Amino acid sequence: MIPVSTPHADHRLTEEQVLLRDAVRELADARIAPRAAEIDRTAEFPEDIRRLLAEHDVLALPFPAEHGGVGGDLLTVCLAIEQIARACATSSLILMVQELGALPLLIAGSPEQQARWFPDLATGRTLAAFALTEPEAGSDAASIRTRAVRDGDDYLISGTKRFITHGSVAGLISVFAVTDPDAPRHARLSCFAVEVPAAGFRIARLEHKMGIRGSPTAELTFENVRVPAAHRVGAEGDGFAIAMATLDRSRPGVAAQAVGIAQGALEAATAHARERRQFGQRIGDFQMVGAMLADMDAQTEAARQLLYTACPVIEAGEPDAARWSAMCKLVAGDTAMRVTTDAVQIFGGYGYIGEFPVERMMRDAKITQLYEGTQQIQRLVIARALLGRGRD
Ligand code: COS
């Protein structure tokens, strides 16, 4: 029997969550949506939006109150991500990656480590990043090659990390490296909190991307970067487990981003279908267009409800948390791609030009099917939860 947890929560949000959601939506409508097209066009990291989110304590949401955070639960963080992404996917990554980069410390950090870094992360003074992926190790996370070699009270880290979101703007990076190459496959890795800039650390390249263009994606090289042993997160050999536990908690953030992008595209397409007239009537009154909008609405709501149900199950650390995490990311990512593509279709030729937001949303949606585990990896995680490993 596979362990199948019963969702705990009824589907209503608490009063606090509704207030937070609405406050972030207002902020996003007033201050972020007007910047979205420019952020996409210039492909520059929006420092102003980082400051805005920090000033309004949005970046403090994932961190415990004792360290200057707000102590928001997973669903609350996701509600904020969703509302920001509805306006601008790049901007939602500022909160997403602040959480992703800090999750190893939230999960396995010592009280000293948390006290050292959380206050500056919660205020947004320091940005975080998560460095697992390498040129030769993406989906197969256990096969990374970056090495951490013990040297007295320190480790020396050497290797290359690729596709690291915010790698060029972060001040603290959770870096995964091999500490024991001879250990069994999943016990080779350890996790380190690396403060940058540091001697031997280099931003080797920034990627030119299809979407989320204001969010810098960096290749990072480490050449004997000296990291105190006290900055190792968890025990030696725990790195793979920490990475997996991190992704279980961060994938709902991608799902929230995807739901937000889909909602933004649905709203834009609906407004257009009301205003645009052809053959003497609103195009939305043509059944073919009306049916598309209906499907977009139903699919977006279904993805949202799955996400909201998944969050408390994951937060509670249920035995099938990985399955729920993968399911909500899978469904929401595919929904965002479908809904944004249909939104472009409803705009017709206007959907293909930069004047309207839906082409940006379509380009932004694609990444939600790729990062923090491709949709194929999500299916693999779900199938393994159902079937067990073939070789067990
Ligand atoms: N949550 C918790 N534990 C997990 C887990 C998860 N999502 N996935 C695997 N594990 C555990 C397994 O239970 C197993 O533990 P035991 O050794 O105690 O049995 C161990 O980790 C090894 O699992 P498995 O043999 O399934 O590992 P694989 O090397 O086959 O890889 C996948 C598993 C593919 C799921 C993993 O490599 C993965 O998630 N890859 C995608 C990585 C990714 O998302 N990269 C994106 C970049 S980060 S932005």
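This is a predicted model: local features need pLDDT of at least 70, side-chain atom pairs count only at pLDDT 80 or more; totals for chains, interfaces and linings use all residues.
**Helix 10, length.** I looked up helix 10, which covers residues 375–387. At 1.5 Å a residue, its 13 residues should span 18 Å.

**Helix 10, buried side.** Next I asked which residues of the helix are buried. They are Gln375, Ile377, Gln378 and Ile382 in helix 10. Looking down the axis of helix 10, I see its buried residues fall within an arc of 165°, so they line one face of the helix. The general rule I keep in mind is that an α-helix has 3.6 residues a turn, so residues three or four places apart point the same way.

I then checked what covers the buried residues of helix 10, and the cover includes helix 6 (239–275) and helix 8 (321–347). On the face turned away from the buried side I noted the exposed residues Gln376 and Leu387.

**Largest pocket.** I looked up the volume of the largest pocket, which is about 1,400 Å³. Its lining has 48 residues, and Gly138, Ser139, Arg251, Glu372 and Gly373 lie nearest the centre. By class, I recorded 23 nonpolar, 10 polar and 15 charged residues in this lining.

**Where the two topics meet.** Helix 10 supplies at least two residues of the lining of the largest pocket, as do helix 6 and helix 8. Helix 4 (89–108), strand 3 (154–165) and helix 9 (358–367) each supply at least two as well.

Technical notes: Residues are numbered from 1 along each chain as its sequence is written. Side-chain values use heavy atoms; hydrogens and water are left out. Helices (H or I, at least four residues) and strands (E, at least two) are DSSP runs, numbered from the N terminus. The expected span of a helix is 1.5 Å times one less than its number of residues. Buried means under 20% relative accessible area, exposed over 50%, partly exposed in between (1.4 Å probe, protein chains only). The arc is that of the directions from the helix axis to the C-beta atoms. Contact means heavy atoms within 4.5 Å. On a 1 Å grid over the protein atoms alone, a cavity is a set of points where a 1.4 Å probe fits but cannot get out, and a pocket is an open set with protein on both sides within 12 Å along at least five of seven lines; lining residues have an atom within 4 Å of a point. Grid points are joined across faces, edges and corners, and a volume is the space filled by probe spheres set on the points. Ala, Val, Leu, Ile, Met, Phe, Trp, Tyr, Cys and Pro count as nonpolar, Asp, Glu, Lys and Arg as charged, and the others, Gly among them, as polar.
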